[in-house]
Amino acid sequence: MAGESLYLDPQIRDWVLFPITLVMILVGILRNNVVQLLASSPKKQSRKATREQRALLRSQILRNTAKASPLPPSFFEAHTNELVTAFQEGKYLSKPIEVDENGNKIAPNPTSMLTDPAAMEGMMGNMKNQMVMMVPQMIIMGWINFFFQGFVLIKLPFPLTLGFKSMLQRGIDTPDMDVRWVSSLSWYFLNWFGLNGLYRVLLGSDNAATDKRDLASSPFATTGAAPAAGPNQDFNKIFIGESESLQIAEGIYKWAGEGIEERILRKYGKIPA
Amino acid sequence: MASSLTVPQAIQELKIAQARGHRDSNEIVRKGLFVLEQKNGLKMLGEDVWDFLEQMAVAALDIGQLELADDCIQRLAEQFPKSPRVEVLQGQRIEAKDLDMAIKYYETLLDADETNVAAWKRLISVLRQQNKMDRCISELTEFLDTFYSDLEGWLELADIYASVNLYTRSLQALSHALLLAPQNPFHTLHFAETAYTANDIPLAIRYFLRTTELCGDDSRGVARRAWFGVRLCTKHLTLHPDSPSESATKPMSTSSLNALGELATERLLAAYSSTSEKAVVPGRKEVLKLLGGSGTSR
């Protein structure tokens with residue numbers, strides 16, 4: 001095999017392989033600290049916004065327990081009716097429903113990201129974090145590309161199929177080289193994705209260096225993924241949907257106290273099972 | 001006894017008491033003072049020293065050792081100026097002096113930050129201490145409307161309603177507690193007993209039974225109390241088959257009621273019998289009397 005004949009200078013190990021790894025670890029730790037410095041204190045929610053969200057929780061609890069509800073029928077009905085009317089009238093909304101000149105309800109405009117200062121702030125925070133993630137990565141990548149382009153750094157101790165060639169030998173175009181040889185740029189990528197475990201040991205599990213946004217913030221992933229559950233949801237729509245779900249839940253409602261006398265008597269063998 | 005206590009042990013026990021929320025203030029202050037008296041006691045606490053001081057402050061206030069509390073709060077205030085937790089502690093210190101002033105203090109805190117949960121809760125508790133039930137109930141309802149998932153809040157509301165004899169209202173508050181913690185037999189028992197007091201016996205018996213079901217095979221504590229409840233309900237329902245039920249709960253069949261009455265008697269007798277011959281379980285005589293007396297009327 002062609003790969004067997006390759007001999008790597010130990011200086012490559014000392015001056016390229018280890019420095020790249022070390023620099024990446026240190027940058028990860030530095031990034032963790034920088035993110036902590038940049039992080040603005042969590043914004044407090046107003047009373048109304050909390051109320052809006054807890055109302056949703058309230059309806060979900062009621063709905064999810066409906067199959068073996070701890071509430072007797074009359075109580076369950078009262079709870080459901082109260083919530084359904086409140087939702088349909090928008091009593092829990094933090095911003096009241098606007099009414100047009102004909103008296104029709106206009107659903108509040110889902111506040112545009114660009115006009116709501118609170119949303120802007122959140123977006124700025126996200127962007128700052130992403131910058132802190134991306135800029136060092138780009139600098140390191142440039143550094144590696146500039147100084148160590150085309151270097152072969154390490155030989156993996158196990159054989160791999162040809163499919164890994166593009167992953168392990170990025171930056172060197174040799175069709176014949178054994179897949180086990182790893183190029184400098186690939187070593188960088190392996191470190192980038194592989195160091196998360198180490199950061200978790202060094203910095204604790206909720207550090208900023210390993211965060212789950214890692215993939216999203218990589219320059220290769222599209223960063224257009226919208227935040228799924230931001231503060232900009234249209235609660236009116238959600239509440240209307242909830243009120244329908246609640247009415248469905250009424251159909252599957254069963255009281256845990258229904259037939260309990262038989263269950264208990266059967267349990268203690270007083271009536272045949 | 002104090003001589004056998006070591007500092008790490010005392011710290012450990014204090015931590016456990018804090019995690020479990022024990023209200024054993026005398027013991028906490030005793031152990032806390034013991035730690036403080038050691039030369040390097042505070043150093044051994046390390047990072048936990050602030051938690052320790054907070055715990056001490058509350059316990060000291062609870063047993064009226066105001067100077068100790070002042071000392072703790074002062075140290076905390078120096079370390080964490082403007083911390084909401086310290087602000088609430090300072091509020092509790094004011095409560096020890098003057099309740100009206102405390103109300104004003106908490107109101108200013110809430111004006112500054114309307115979502116200060118701790119201050120809001122303290123305000124409600126001060127209102128209750130002052131017996132201002134109207135405002136207390138309206139504040140608490142507003143609090144629960146905002147922070148629905150606060151289980152203690154619902155229990156407190158139920159307790160307040162029960163204290164002013166509004167048992168149906170109390171039941172409604174408890175129903176929210178049941179929704180939030182459907183697995184907790186204590187709440188089920190509480191609901192059952194409140195229903196019993198509100199004279200909704202058909203509802204009560206189902207919840208007493210539900211409590212025993214939730215407790216599994218255990219027949220101590222909550223479950224035993226629930227069996228007493230079942231016994232009382234079956235007796236009442238056999239004597240008055242058309243007991244009113246505000247919740248429109250369907251009455252049970254007479255045969256089930258009889259069987260349940262027998263079962264409850266059996267469970268209670270088992271609970272009050274001991275396996276050894278000589279030892280008599282305390283209260284056995286009274287229970288036998290109760291069961292026997294009602295047994296004939298069945």
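Colleague: What percentage of the 298 residues of chain B count as buried?

Modeller: A residue is buried if 20 or more other C-beta atoms, placed from the backbone, lie within 10 Å of its own. In chain B, 39% of the 298 residues count as buried. This is a predicted model, where local features need pLDDT of at least 70, side-chain atom pairs need 80 or more, and totals for chains, interfaces and linings use all residues. Residues are numbered from 1 along each chain as its sequence is written, with chains lettered from A and ligands numbered from 1 in written order.

Colleague: How many helices and strands does chain B have?

Modeller: Helices (H or I, at least four residues) and strands (E, at least two) are DSSP runs, numbered from the N terminus. Chain B has 16 helices and 0 strands.

Colleague: Which feature does UniProt place at residues 101-195 of chain B?

Modeller: The unreviewed entry gives "domain: EMC2 TPR-like" there; such annotations may be inferred rather than shown by experiment. In the model, residues 101-195 of chain B are 81% helix and 0% strand, with the end C-alpha atoms 38 Å apart.

Colleague: Where is confidence lowest in chain A?

Modeller: pLDDT is the predictor's confidence in each residue, from 0 to 100. Where pLDDT is low, the predicted coordinates should not be read in detail. In chain A, helix α8 (residues 214-217) is lowest, at a mean of 45, and helix α3 (residues 73-89) is highest, at 90. Over residues 212-230 of chain A the pLDDT is below 50. For chain A, the mean is 79, and 78% of residues reach 70 or more.

Key
A residue is buried if 20 or more other C-beta atoms lie within 10 Å of its own, exposed if 12 or fewer, and partly exposed in between; C-beta atoms are placed from the backbone. Two residues are in contact if their C-beta atoms, placed from the backbone, lie within 7 Å.
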